[in-house]
Amino acid sequence: MQFHYRGYDSHDPRIKPAAGYGINRAADVPDEMDVLIVGTGPAAAVVLAQLSRFPSVNVRAVERRPGRLEVGQADGIQARSVETFQAFGFAEEVIKESYRNVEMCFWAPDSQNPSHIARSSRSPDDATGISEFPHIYVNQSRILDYFLRDAQRAPGRAVPDYGVEFLGADIDPDADYPVTAKIRYVTGPRAGEERTVKAKYLVGGDGARSTVRKTLGHRLQGDASMHAWGVMDILANTDFPDIQVKCSIRSQEHGTILLIPREGGYLVRMYVDLGEVTEDSAKTIRSTPIEEIIQDANNILHPYSLDVKSVAWWSVYEVAHRVATGFDDVPDGERDTRTPHAFIMGDACHTHSAKAGQGMNVSMQDGFNLGWKLGLVLDGRAPASLLNTYAEEREVVAHELINFDKQWSAIMADEGDPKEVEEFYLKTFEFPAGFMTEYTKNQITMGTEHQDLAPGFPVGKRFKSAEVMRRADNRWRHLGHFHEADGRWRIYVFADPAAPALEGTPVAEFATWWNDDPTSPRVRYTPGNGDTDAVFDTKVIYQQDYTEVEPYNVPAAFKPVKVPYGLIDTNQIFASGHGRDIFRDRQISKDGAIVVVRPDQYVAGVLPLSAREELTKFFAANMLEPAPTGPPEYISDLEVADRARLAINVED
């Protein structure tokens, strides 16, 4: 974490100074706003946290509940989600309080005594090293707490407006504020009062029964598996030996259990097979009492027993696989002439089983995909056409999710070969871990013409971090862990074989163009009166050992300058050393390469060091030039800077 560059400050550096709408945030939902978010579920919380980092954006989130979520249904957190937490600054905290999954055990009928179950095999959770982050379990309510805390700590100081229900909206794309929404207070002294408010954009993260989806005229379409499951979070005593290990448990006659250990060392979640659902049995199965679910669990676990002491939460559900008919308000056929003003995310646009642990994870990626795009458009840094890419990219992911979940649900419900469960789990691990998403060429993702320069960074997939040596302090660090959810593009320049130099090498020539040429995207799109890395976070990674890299030989393009003091940042210079070699680990050409990474951590392109026209053309399609400004006015008086800082008074 880097701080103090605005002047010495003894406050918690994770709490940013209030700015923009965060300076004097309105206590009540205003009459007009930039973004109205409906709901505070995982997708909505991500968008709120992201937009709060854009203090120029007036964002509000209304939530019908009177306060924070107490008990959430989701709990599985895949490694891709933990990478996202890292970008928002709280990955380590979440990991510490979570259950960490290291393997999955498979139980099946004992070949010697089929009425009993026996452990048939074990599989490590991440045998291929797909991520340095773990697969964890923690209640959804805690994840929401972290994102909402981040929103409150960000410059925009965004907090949810609880006890406010969204009733519906009209959308006029030609109006200054296209969204005219009706809201109603449902708690407190104003309960029953209705209001009309206006917004530039409407974001629906309001669940499977989404009012925003209905407002847009979309519906969920698909089918149900007609198989019922009882799910319960319990505190229990048992002689089952793997009660604190993720398990697939299949009995001969009584169905299956998917066992998910929970955070804290005592709580356990069980998905208990209740059998097929028919028209005649549907009502009866849906009203299955918890006592019967517990008995079914005992039957499946035989010869082991389960003595349930407390039930924290339970439900009965049938698996449904459905995707919304649209993800925004633009009608079919009008995408070329109109940009969206309303969006749906998460369960509002895709529903599926809970057993694959994808609901909260995919929803958060919906929110991450949309949040930075709204922020850049409203901040005047990107054209509104950028918002068309949300539906384009996330609808594909939703359909992939449904196809995967159909297979997983069918295998879990099947009473055939237990080995099939394990084989499917291993074969498809990359998908549930969150790493199968691969965006195709569009406005913010390039083609793959130069993929051979860096095969380890596939274009369209998430940037897979690797260890490097940071020259400023000679520490090894994960390169991707410096990627914050701040709306900036990342430009990773992997150097040619020549030693660091100020001129005469491919990297030096690129750096001169990137830093000084008026046609360079860095010069063209970065405001002249702020930090030189305000829009593009540019890093260089040399092939040499870190002991051979001296910062004074590194071009200025990789040493950004910070306002208000003109401090030079030398923390963006990296190299190899102590066994760390990212060129080897990610198969990067020894001739060097440029890897462009989107604000949501996905690789936008791989280019040669000579790429000038390609970079210029690419960013011209998705960025806008800032209003003209004068040069930065650097100061040297600490007192002036400190007086300009706002007092921070935010509860941790």
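**Helix H14 and other helices**

Helix H14 has a face turned away from its buried side, and there sit the exposed residues Glu613 and Lys617. The model is predicted. This briefing covers H14, then a helix pair, then one histidine.

**Helix H14**
- H14 spans residues 613-620, and its buried residues are Leu615, Phe618 and Phe619.
- An α-helix has 3.6 residues a turn, so residues three or four places apart point the same way.

**Helices H2 and H8**
- Two packed helices are described by the angle between their axes and the distance between the axes.
- Here, the axes of H2 (residues 79-88) and H8 (residues 359-378) come within 10 Å and cross at roughly 40°.
- H2 is therefore oblique to H8.
- The crossing of H2 past H8 is left-handed.
- H2 makes the contact with Arg80, Ser81, Thr84, Phe85, Ala87 and Phe88.
- H8 contributes Asn361, Met364, Gln365 and Phe368.
- Five of the residues in this contact are nonpolar, four are polar and one is charged.

**His399**
- His399 lies in helix H9 (residues 388-413).
- The relative accessible area of His399 is 41%, which means that the residue is partly exposed.
- His399 and Gly39 are 360 residues apart along the chain, and their C-alpha atoms are separated by 23 Å.

Technical notes:
Residues numbered from 1 in each chain as written. Predicted model: local features only at pLDDT ≥ 70, side-chain atom pairs only at ≥ 80, totals over all residues. Heavy atoms only, no water. Axes fitted to C-alpha atoms, helices over the stretch in contact; angles between N-to-C directions. Helix = DSSP H or I, 4+ residues; strand = E, 2+ residues; numbered from the N terminus. Parallel < 35°, antiparallel > 145°, perpendicular 65-115°, else oblique. Left-handed = near helix turned anticlockwise from the far one by under 90°. Contact = heavy atoms within 4.5 Å. Nonpolar A, V, L, I, M, F, W, Y, C, P; charged D, E, K, R; others polar. Buried < 20%, exposed > 50% of the residue type's maximum accessible area, 1.4 Å probe, protein only.
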